[in-house]
Structure formats: structure tokens, C-alpha cells
Amino acid sequence: MKLYTRFICVLLSLVLCVPLIGSTNTFAKTPSKISIYLDGNLITSDVPPYIIPKLNITMVPLSVISKNLGAGVTWTQATKTATITQTGLTLTMKIGQKYAMVNGERVNLDATVQAISGRVMVPLRFVSNQMKLLVTWYQSAQTIKLQSEEGLADNSLKGAWISTVFNLDWPSKGSYGNAELQQQEYVQMLDELQDMGLNTVFVQVRPSADSLYPSQLVPWSKFLQGTQGLAPDYDPLAFMIAETHRRGMEFHAWFNPFRANTDLKTENLASNHVAITNPEWIVKSGNIMYINPGIPDARQHIIDAIMEVVNNYEIDGVHLDDYFYPSGGKFDDDLTYSTYNANNISTKDDWRRDNINQFVQQLGQAIHLAKPQVQYGISPFGVWRNQSVDSTGSDTKAGVTAYDNMYADVRTWIQQDWIDYVVPQIYWSLSFQAARYDKLVDWWANEVRGTNVKLYIGHATYKLGTPEIGWSTAQEIINQLNYNKNDFEVKGDVYFSAKDLRRNPFGLIPALQDYYKVTKP
């Protein structure tokens, strides 16, 4: 899907900060704390933005245009006319007139220009369209995000995964039962990530068939209160989304689709956990319970659980990790294969891939039907197939591959446009010969070339300081970022995970700040 379809058009307005003689306030204003970001930078204003009730029109000062957008603005008191000029564009708008002149052509306005409290208001939707700005309004965070053409061209995704399973990144075990502490921890983490230059978070909201939000389908996650099914006294997901958007950052809800539990114990599961309500859907593999992807009703249950978030929350994206079928060990689905093989697929491997393909396609269709602006992406294992097995695979010698071990047919997802973005987990260094970072980036870039699927790269910051070759200095990450510039298709980077960024291994934080040219106020 194209980027310009991914925003919510709302009627907003700009306030032109020029004195008007005899102006009248025809609308009451509702005080609110509205933040405005332009190309990721917070816009400061001498006049606080506010919303006109019922019309849902947000008012902001002229400095948004003149100081931040580089346009010329003049006010003619005699005719009560505002003029905005930019290269190739002249807009004139008059108080009380329900149309504007655009380069001499008459264009109707969504809302008439008004004089209010010594200010002139014009509709932002109209102005932004004429100035070729992309506008996103985050209702829950009371935040407006503006993006110019230049900003869009240079607006690469810079993200971090935030794991909640085992309380790896957030929240801490010490915060169980303490909503205020959990919120403080998230705010602190978000501030630190933004200070590094990041603009997106991928937060795990379904670690193991449970939720970090009130759900009608699955229990509360035990990683919030220490006990599965025990509700906190706030909505963590709503809080996180609002805090993220308040900073002009994107929030992608990360779902682990098929992991049912991180161990084989059932005595501590909530009564509405899938392993209790539908034990026939569960397959035990190793020390983990999985929801069987071969059962259509089980797949639909997961789609319904994800759509509960899509429909009820103001998320920017739905994100799946690489937990489809387990990459190793026995997975007992012989009976499922014989029962749910309506297409008579001849091999179990192909049947498993078809199960995942159906799930990926149907989930994408549901998301885009409900909210076309919500992005849908998956982060598969970094090696699709080895060249030794498939001539179209990568020049690697990986012991595990997405296609053969996790039954993730990522190539089909990309070619069929079932997903909006892909984030291969390329968790090896530039000097790791069995799966070299540069070779894999080139391979994935070639896979998305000519498609509508965006490519972001997953980086293994957690490996910095480990014995594996290539991870003895933070420069490895910077070298990987520099290498990505060789492939036009690479549109951003995601780091695993937040805690590994925050511990600043080998001085990674200042290195990223320098790379992303982070400026301090």
C-alpha cells in the first residue's frame, strides 16, 4: 500500500498570528495540550493549540507556517485577506469567504476562514494538501504529525523492539502491581530511545496467547502483575500508545501469534487461556506450547485477537515476529495434516507453509479492510533459504532457514503484497562467513525490489560484547548502517532490543546519536 493512503484525514485549522481589529470569537475553544511535530521535530509555539468543539478543528498559530514550513505569510487588514506563498504556490483566503484562491483558481474550503480572538483561522487539511504535507492526527495523544516531501524522502524508520516476555525490556518484575512505576519505566525508556534518534517502537503486546490490554478473548499477561489473568488498574496499551504518539513517534503492536505458553505448565494459566479452553489446539514442542497453525479455527482465533487491537486502538502497525512453526524439535501434527488438508497437499512441509500463508494473507486482508492506514509487517528469520538447497537462495550456510524450518514462505508474502513491510532479522556481523550481513542485506533488497513492500533491517545489538565474531565493538552496528546505504531498498533499521540499546555497549548510544545527527535542545 502506498504511504499517502496511511493517514487519517481530519479537519484541522491553522491560526494565523496577526492582530485583527474588531474580530469576534464565533466559536468557543476547548483547552487541550496538543503537540505538533514536523518531520519528527517538535514545533514550539507562543500560542497554545486548541480544538473547536463539535467541529473537531484544531487551531495552531501562524508560526507553524512561517517559521517551520518556510512559507511566506502576509495579512491585509483592509480586505481581511491572508496570503501564503511558497515556490510555485500562492494561497489567498478571506475572512468569512468559503473558498480560497489557489494560483488564481477558486477552490472550496472545508471550513470558512474565521477571525477568532485576534487570529485568522484557515483549515489545515486544505493548507496541507496545497503545500504537499502529509497530516496524521493522533486523537488519544492529541498530537499532529506533519511530514513534508523532503521529510518523507528522508524519513527512514529507526526502531527498537520492546520485549515484554519474561519482562526482558518492560515492565520490570519490580513494578508488578504498581501502575505508576510501570508508567514511569515506559516513559523513561521512551525518552532514552528517542534521545538516541529512534522514531518507532515495536512493543510486544501478545507474548504468549495473552494480552497487555483488556481483552474479551485472551487473559491478561502474567508479565504485568506476576499472575496471568490479574488485571492492572490501567490500560497499559492505551497508555503506551498515547505516550509514544505524544513524542511524534510510531507505535507498532507486536504479536507473537502461535506461542501459547513459555513452558508446559497449565496450573498457572488463567481459565480463559487457549490451552485451557481449547486444549485440542495445543501442540507441545520442546518446553513450549504452541497453537497449532494447521487448525483453521485456531488461526481465526488469533486473527480475531489481533483485530481486537486493530479495531480498538490507534496503532500505526501490526507486527509479527518469526514464531510460526518451531524451528527445531518434534511437532506432532500428523492427525491435523490428515484432518485439515482439503487441498490434498502432497507433503506436510508444503501443507505447513500453506497454513502460514493462509494466516498471513487473511490477517492482512482483515487489517487493511478495517483500517487501511495501519501498516502490517513481519520480521522473519534472516535467512530465507541457503543457495545450496535453492539456487535462488542466499550465499549462506545457515543451520536453520525461514522457509525450511519455520515454514515461512516470505517470498510469496512479498510477491503477493500480503504485507506492507518486512524486517529480516539479520543477526550476524559483516565478518561472519556462514551468514554474512552484507550478503543477506543484498539478498533481501533484491527480494523486495519492484514490489510495494518496504524493507527494514533487524540488527542484533544484543550480541555486542559476545564471543561471536564481529561483535567486539559498537562500530559493527555503525558499519552495518553505512552498508545499508548501498541498497536503495533499505528504508530503515530496527534494533533488538531496547534494553541492549540502553546499556550502551561500547558507547553505542553516542555512536547512534552521531550517525542519526541527533541535536539536543
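Author: The protein chain exposes about 21600 Å², and carbon and sulfur atoms supply 50% of that area (Shrake-Rupley method, 1.4 Å probe; for residues, only the protein chains shown count as cover). The model is predicted: local features need pLDDT of at least 70 and side-chain atom pairs pLDDT 80 or more, while totals for chains, interfaces and linings use all residues. Residues are numbered from 1 along each chain as its sequence is written, and side-chain values use heavy atoms, without hydrogens or water. Buried residues make up 57% of the 521 in the chain (buried is under 20% relative accessible area, exposed over 50%, partly exposed in between; 1.4 Å probe, protein chains only).

Now the rings. The structure holds 23 aromatic pairs (Phe, Tyr or Trp rings, the six-membered one for Trp, with centres within 6.5 Å; stacked under 30 degrees between planes, edge-to-face over 60, tilted for the rest). Trp384 and Trp443 count as stacked because their ring centres are 5.6 Å apart and their planes meet at 20 degrees. Trp384 is in the loop between β23 and α11 and Trp443 in helix α13 (residues 437-448), so the pair ties together parts 59 residues apart in sequence (helices, H or I, have at least four residues and strands, E, at least two, as DSSP runs numbered from the N terminus). Both Trp384 and Trp443 are buried. Tyr515 and Tyr516 pair edge-to-face, at 5.4 Å between centres and 75 degrees between planes. Tyr516 has 16% relative accessibility and therefore counts as buried. Trp161, Phe202, Tyr421, Tyr427, Tyr456, Tyr462 and Phe496 form one aromatic cluster.
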